[in-house]
Amino acid sequence: QSKSVQAQEKIRTICSYCGVGCNLEVSVKNNEILSIRAPNDAKVNAGHTCLKGRYAWRFYNHPDRLTSPLVRKNGQLVEVSWQEAYQVIADRFNLTKSEYGPDAIAGISSARCTNEENYLMQKFMRVVIGTNNIDSCARVCHSPTAYGMQQAFGTGAATNSVEDLDYTKLIMVIGANPIAAHPVTGAKIKQKLMKGVTSIVIDPVETEIARYATYHLQLRPGTNVAVLNMMAYFIIEAGLVDQSFIENRSEGWSDYVAAIKALDIAHLEQVSGVDRELVKQAAEAYARSEAAMSFHGLGVTEHSQGSHTVMSIADLAMMTGNIGRRGVGVNPLRGQNNVQGAADMGCQPHQGAGYFPVNVQANQDYYREKYGVEVPTEIGYKIPQMYQAAQEGKLKALWIMGEDIAQSDPNHHYVIDSLSKLDFLVVQEIFLSETAKLADVVLPGASFLEKSGTFTNGERRIQAVRQVVSPVGGAKSDGQIVVDIMRAMGYQQADYDPAVMLQEISQIVPFFAGVKWDELGDSGKQWPVLPDGTDTQILHSESFKRGLGKFHYFDWRETNEVKSHAEEYPFILTTSRNLEHYNAGTMTRRTGNRDIVGEDILLINPKDAQQKNLKSEQHVRLFSARGEVKLKAQISKKVKPGILYTTFHFPEFMVNNITSSECDSETLCPEYKVVAVDVEAA
Ligand code: SF4
């Protein structure tokens, strides 16, 4: 923590925003950051960054940074010493545990933090507290990807690498706007499209990528499964399946194909709003391509059928043999820098580090032997279940590391109400976020520029994050904070050191077996990393982790949100991100990007604007069964009639006032993408 660079130096580290994981070269002198540039030899970004990464250093020493622990006294958060804060936390956790048991305590870890910090956080909850109540923001983004791909292939991670774009013949982008949310990968995809690579974009919004697409299937939000089932139907009808792959590498085909053949295509065409002929052309192009590569984002996962959609994408890949070689596969575009890593490290309530289910005896024996203590055996709470448990008085204490759930989770009022029912809330943050404002104890963490560790990007690449400057004020690395609290509660854990932590992780997580801090270099390694250090670019080349790949068929289902509210709230709102800002905007609102985009804007089709008598730049009231927000409208043909679109970057607009608590049926990932609303002049 005492690093202080005096002479001018250039230090290579990794961007802490999106899952592309760009390599950054930071110039520093006298412990002050001068600039960030993208190294030309960086494997991931080869001389490129987006404006978020290039100006990321501007937030690290912003005057709003938290620099001291705070404890609530007489209703006010007041500065205290680290020792006092640790004592309060240890006393309250011990008291809660003895009065209500370990399952009355929960933790939410952070995809913004390093693998080693996430590993420590889940270890704290499981080993020191004795509960599996540990989750992370993967719950609200790609948990359906992890679940769906595990069901289909056995491994919940990207099958290929972004550099496979150089080998692919067809690119399919589903529910993703990579130009805005994953700009460096988005630019690579756009270049391929501009050079004439055949492409399919499945998105309710006419994104920039959609404008370049060969086929844009502009579906109604909430109908991904309907469109993917139609594609499967037309591929099978045209006899374009890869029979050899199906026979040798998969199971479940005969049931699947029978269900697909029985589909009512006219019905699916009507509910999705996509012309069947266009779907047929896109499906046949996908199946006829020598190498088709799919990318998907939160427009796939943040739906009540999110997991079903992921498995439907896997079905298409398997039936056409687009798995296990260059330029193909199923590739989730991970939203946060280390959301892959947070799950790999076990920050989820049903699987520990390395994805071993926690409720299986053999795995409990494994973890017991590794940790040297008894481990909890019941599956813990997912984040939405934590809110429910708080409402029911079963959850009493919550520790949130680097996650602003009060702004980013859906149905804002319900989240706030649930947090208010806790006896004790600890929030570890770099700024006094909307969530931190509600805490009993606030702990100042260090930003990515002030600590070392590893992030795992969306293509399974474990990369070294290297400390550039010392933490501001009295802040500490999140890993050291977890270690200190472990010790305050009587558990002896070595100081936070990525090299030492990686050694421990490599003993527990099989696909990290050969990961060593000193051998990561500038390009990192893609897991699984074998004990001899060899890494893996393409998964499932010879066989799947589960043996055979599995086909799954799902009927398309209308979402409860539309079924319950469409009469009163006839528009469907879908939410997304823009290029200038990152999620809740905690960092990008403090890097100057606010001068470029300073508010969330509502897009509305000209026909709807005319019917509602609305004009561009006019303020409108947008309301749902949960609440309302006021936004500026912009009339745009990027959305079809009946569909509205906005972002959620600014707390003053609090778009999550109106989103619902509907969730993916398998993982409880919130359904941000389909919100029944109405709109009127403000
Ligand atoms: Fe950072 Fe993503 Fe931009 Fe790269 S593309 S600089 S990782 S935000």
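Author: A hairpin of 4 residues joins β23 to β24. Strands here are DSSP runs of E with at least two residues, helices are runs of H or I with at least four, and both are numbered from the N terminus. The model is predicted, so local features need pLDDT of at least 70, side-chain atom pairs count only at pLDDT 80 or more, and totals for chains, interfaces and linings use all residues. Residues are numbered from 1 along each chain as its sequence is written.

Reader: In which sense do β23 and β24 pair, and over how many bridges?

Author: Strand β23 (residues 619-623) pairs with β24 in the antiparallel sense over 5 bridges. Two strands pair if DSSP finds at least two bridges between them. Valine 620 has leucine 631 in β24 as its bridge partner.

Reader: ok, and what about β22 and β24?

Author: Strand β22 (residues 601-604) and strand β24 (residues 628-635) are parallel, with 4 bridges. Isoleucine 604 is opposite isoleucine 635 in β24.

Reader: Other sheet: what is the order of the 3 strands?

Author: The order is β17-β18-β19 in an open sheet, with antiparallel pairing. β17 (453-456) and β19 (525-526) each have a single partner strand, so one side of each lacks a neighbour in the sheet.

Reader: Switching to helices. At what angle do α8 and α11 pack?

Author: Helix α8 (residues 224-237) and helix α11 (residues 265-272) pack at about 145 degrees, with axes 9 Å apart. Axes are lines fitted to C-alpha atoms, for helices over the stretch in contact, and angles run from 0 to 180 degrees between N-to-C directions.
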